[in-house]
Amino acid sequence: MTTSTPRAWWKTGVGLVLTGLMLFPVYWMINVSFTRDQDMRASPPHLFPTNGTLDGYRAVLDQQLPYLGTSFLVGLGTVVLTVALAAPAGYALAKLRPPGGPALSFLLLIAQMIPGIIMAMGFYAIYLTLGVLNTLPGLILADTTLAVPFAVLIFTAFMSGIPDELLQAAVVDGAGRLRTFWSVVLPVSRNSIVTVSLFAFLWSWSDFIFASTLSGGGDHQPITLGIYHYIGNNNQQWNAIMATAVVASIPAAVLLILAQRYVSMGVTAGAVKD
Amino acid sequence: MPSTTETSTAVRDQGGAATAAPPGPPPSRARRPSRWWAWGFLAPVTIYLAAFYAYPLYRNVELSLREYTVRSFVQGGAPFAGLDNYRTVLTDPAFVPTLTHTVVFTAASLAFQFTIGMALALFFHQHFPLSRTLRALILVPWLLPLIVSASTWSWLLNSDSGLVNAALGVVGIDPVNWLTSPGWSLTSVIIANVWIGIPFNLVVLYSGLQAIPTEMYEASALDGATGWQRFWGITFPLLRPVSLITLLLGLVYTLKVFDLIWIMTKGGPTSSSATLATWSYRLGFGNLLPEFGPGAAIGNLLIVLALIAGLVYIRIERRQQLR
């Protein structure tokens, strides 16, 4: 598909420039994270971190590790809960087609469209009554609402691609529905499980609105709140803020490097359904 | 990883729009036995939907219909207020400006995201060396946590030390108070939001482009059509359904945008970049004395807007599936 004519390479040049422009803010974040305090307000700003410093990253190690740990735990919890809820539902909607299934799919589609601020206010009222504000399980539960509808839609789309013969063969071998699901459907659906897990982790890792409303006053605060407090408290130390931002971007970067294929799959499967 | 799944995904990936496996044939209900037992697999998610979507939504409606104070919020027993909260919000002098900001923010974000995304999709559709890698890299802004993008843009647009003002200075333009002047704050958050939204538009439109059969282009090339004619004659009409869905999804997402604006400007200065979402948050959580009732009322107005867009989206999608 790719031809190495001079014209094609010229296009690569333009592509590099366009990508560079799009990613420039990301570069700037990295650059500022290495900039010394006294150079921060230099005019014109230094385009490269000459005389770079690691102070920003030292600050991250000193102050942000608990936040990162919380985000990691919340992310893992969200992934487990999301897959546990969504995979059986996807299987049922794709292969068992119960009466009322389409109505449920429709509700899930609608659920994706509810603005987070409304969910947050409702959760706040409920959590206050139950006394689970500022707890890890509370935040995990709220964060799953970011991923579950999407996850069911993805699982449904992927699992309808499983050949019926495969499932019938399992039934012929004497496997029950549960066993078929566990030993045949799940292993075959590994790609969709990876896709769903990646997105669920990333969304819960990036969540700010639930964190700020449901965990704002507690001991278990995720990294998004870590950055937010940083901006509020010491807006002089921009290298520390940007270093935290760089560290907070690591999951997104890892996701893109390790699983680029799954990422574009997730983006398009969510939007373009055939 | 076993090679079988590898290849099957790769094939699907090249299929572009067909990244998700196509659904099987519709069930012929008459011949099948009752499948109510399948709800066993659906039970967890159904209970979950009821408990964590329906109930918070219900609580939100209830909040908007009662007169809550901090005390009654904790202890219960707030008096029923009917539509008072909605009346308060609708007659608030801030309502019209905030609604205008929401509309401007949404419309401008969509217009720029879509146009730039479309241009990039067309460019990357030409398949040159490295195009795949570069296309993947452009996804980065969309994957970053919003707080990361928002704080990076805050620093880029900083009045005194921001790079944008430094660059403007080189060209001889006076520094702009991007985030701190009422005239520019809305523009600033739109710029950041467009940047975040471009990758999504690019990826979805690109997958739409891949679904257009190449024969169509070959035929028109024989007819001697120019690139511009090809775009308006073939690409644009054939891409219409995907474009509509992209725009509608963009609309639903943009109406929801809260984090970005809150982190960059908190809706200020003097509410000059406040949207319905940030206003609702400010009323409920941003003040020392929370006003949950009006906050919830604004939230419910927002949800009506999102649902209208959502229903249009579902209608269009259904119609396309029938075709």
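Modeller: Contact here means heavy atoms within 4.5 Å. This is a predicted model, where local features need pLDDT of at least 70 and side-chain atom pairs count only at pLDDT 80 or more. Side-chain values use heavy atoms, with hydrogens and water left out.

Biologist: Among contacts in chain A between residues at least 6 apart in sequence, what share joins residues at least 24 apart?

Modeller: That share is 74%.

Biologist: What makes up chain A, read along the sequence?

Modeller: The pattern is α-α-α-α-α-α-α-α-α-α-α-α. Helices are DSSP runs (H or I, at least four residues) and strands are E runs of at least two. By that rule chain A has twelve helices and zero strands.

Biologist: How many of the residues of chain A count as buried?

Modeller: Of 274 residues, 58% do. Buried means under 20% relative accessible area (1.4 Å probe, protein chains only).

Biologist: What is the area buried between chain B and chain A?

Modeller: About 9,900 Å², with 76% from carbon and sulfur atoms. Buried area is the accessible area (1.4 Å probe) that two parts lose on being put together, summed over both. The contact takes 112 residues from chain B and 110 residues from chain A.

Conventions: Residues numbered from 1 in each chain as written. Chains lettered and ligands numbered in written order. Buried < 20%, exposed > 50% of the residue type's maximum accessible area, 1.4 Å probe, protein only.
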